[in-house]
Amino acid sequence: MTINEIQDEIIDEFSEVDDWMDRYAMIIDLGNALPPIDVKYKTPEHLIEGCQSRVWLNAEEKDGHVSYTADSDAIIVKGIIALLIRVLNDHTPDEILNADLYFIDRIGLAENLSPTRSNGLVAMVKQMRLYAMAMKMRDGLKKE
């Protein structure tokens, strides 16, 4: 599936639920279903700066695609990073760097987060894109 197809799927899922408490429950469920990150990545180097909660993110390249794993000590934040992974995981660095993550606004996520969580969301997206950029640059150097 393309990034936009995944985003549209998420928008459809969230459109079935009007109440934000129920949407938060959906986000928490997504976080609970997030595969665990390897303990070796729960280090200060993998912490995302700018998040009030602790969020660990790792990215690896598999066949030209970026594969993310993450964890957080906050249940809502863990669900948010699970959503981002669902959208961006297993795509090429270019696809990730060029993605318009419109689902965030369309499901009302940005407007229903506290300012500190909104800042954390921006930091998570930024870090995921930085990993993609690093892989793209490394691949470009390999080809030279």
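The model is predicted, with local features requiring pLDDT of at least 70 and side-chain atom pairs counted only at pLDDT 80 or more, whereas totals for chains, interfaces and linings use all residues. Residues are numbered from 1 along each chain as its sequence is written, and side-chain values use heavy atoms, with hydrogens and water left out.

Trp20, Arg23, Ile27 and Gly31 of α2 are buried. These residues cover an arc of only 90° around the axis, which puts them on the same side of α2 (the arc being that of the directions from the helix axis to the C-beta atoms). The buried residues of α2 pack against α1 (3-15) and α3 (75-88). At the N-terminal end, α2 is capped by aspartate 19, a side-chain oxygen of which lies 3.2 Å from the backbone nitrogen of methionine 21.

Asparagine 58 is located in strand β1 (residues 55-62) (helices, H or I of at least four residues, and strands, E of at least two, are DSSP runs numbered from the N terminus). With a relative accessibility of 6%, asparagine 58 counts as buried. Its side chain makes polar contacts with the side chains of histidine 46 (3.3 Å) and glutamate 60 (3.2 Å) (a polar contact is a pair of N or O atoms within 3.5 Å; within protein, one must be able to donate a hydrogen and the other to accept it, and residues adjacent in sequence count only if both atoms are side-chain atoms).

Methods: Buried < 20%, exposed > 50% of the residue type's maximum accessible area, 1.4 Å probe, protein only. Contact = heavy atoms within 4.5 Å.
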